[in-house]
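The stops below go from a hairpin to a sheet, then to the cores and the whole chain.

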Amino acid sequence: MSTETAPTTATGATDRPKRQQRFVVGRVDDFPADGRLLVEINGREIGIFKVKHEFFAMLNRCPHLGGPLAKGQIVNEITSTGPGNVSLDPSATIVTCPWHNWEFDIRSGQSYWDPHNLHARPFAIAIETGEAVAEQVDTGAVGRIKGPYKAEMIDVGVESDYIVLSLKAQPRASGAKNLGSTGSAPEAPTACAHTTTTNEK
């Protein structure tokens, strides 16, 4: 059994590395036409909904029995003061669990069946410009969600101004090296055969 513990600061608090809190999900224009997207971040599935022109995010787990909220219906609140008197509130959007129809406010996660004990888990979501996102990705303030696939990488290097590709199998963890440049024109290959054309005499 390992006895290794996390390092502590001068105040005695545990000095744990900060976990990424913000992630790029994708482009607005590429959002699925059905208005919902399921992503996995740090082992948690999060459902993202587009309702009219707004985006919402919620943990894909109903607090009742764990149903997949990302597959639930999106409805508006309906109230009635009596027979024949029904009104629809388009500003109150609700996610229903597909298993038992528990209802949760898409903005707050509030349940209206058991408001004191059950809340779904909403997350903040925002639309940011590509330039701002690129700057934050470069500084590490925003992370990217890793996809399920990884392409096979092949080592590439530069030797005497010639690009050399190696098909030797590389460890999966290695990546392609950056191509370097000496800034000078490449020398002509010394082993190049000379061909005489019909115009030469």
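Two strands count as paired if DSSP finds at least two bridges between them. The model is predicted, and the tour begins with one such pair.

**Stop 1: a hairpin.** Select residues 156-159, strand S10, and residues 162-165, strand S11; the two pair in the antiparallel sense over four bridges. Pick Val156 and look across to S11, where the bridge partner is Leu165. Two residues lie between the strands of this hairpin, and Ser160 takes a positive phi near 50°.

**Stop 2: an open sheet.** Now select S5, S6 and S7, which form an open sheet of three strands in that order, with antiparallel pairing. Its edges are strand S5 (74-82) and strand S7 (103-105), each pairing on one side only. From one strand to the next, the twist averages 55°. To find one place where they meet, select Asn76, whose bridge partner in S6 is Thr93. While the strands are on screen, note that in a regular strand the side chains alternate between the two faces of the sheet.

**Stop 3: the largest nonpolar core.** Show the side chains of Phe49, Cys62, Leu69, Trp102, Phe104 and Ile106; they have the most contacts inside the largest nonpolar core, a set of 13 residues. Strand S3 (44-51) and strand S4 (54-59) are the elements that give two or more residues to this core.

Which residues is Phe49 in contact with, leaving aside its neighbours within four places in sequence? They are Phe31, Gly35, Arg36, Glu54, Phe55, Phe56, Met58, Leu69, Ala70, Ile74, Val95 and Ile106.

**Stop 4: a second core.** Select Phe31, Ile41, Phe55 and Ala57, which are among the seven residues of a second, separate core.

**Stop 5: the whole chain.** Zoom out and colour by secondary structure. The protein chain has one helix and 11 strands, and along the sequence the pattern reads β-β-β-β-β-β-β-β-α-β-β-β. Of its 201 residues, 19% count as buried. The chain exposes about 15800 Å², with carbon and sulfur atoms supplying 53% of that area. Among contacts between residues at least 6 apart in sequence, 36% join residues at least 24 apart.

Notes
Residues numbered from 1 in each chain as written. Predicted model: local features only at pLDDT ≥ 70, side-chain atom pairs only at ≥ 80, totals over all residues. Heavy atoms only, no water. Axes fitted to C-alpha atoms, helices over the stretch in contact; angles between N-to-C directions. Core = buried A, V, L, I, M, F, W, Y, C linked by side-chain atoms within 4.5 Å. Buried < 20%, exposed > 50% of the residue type's maximum accessible area, 1.4 Å probe, protein only. Contact = heavy atoms within 4.5 Å. Areas by Shrake-Rupley, 256 points an atom, 1.4 Å probe, with all protein chains shown as cover.
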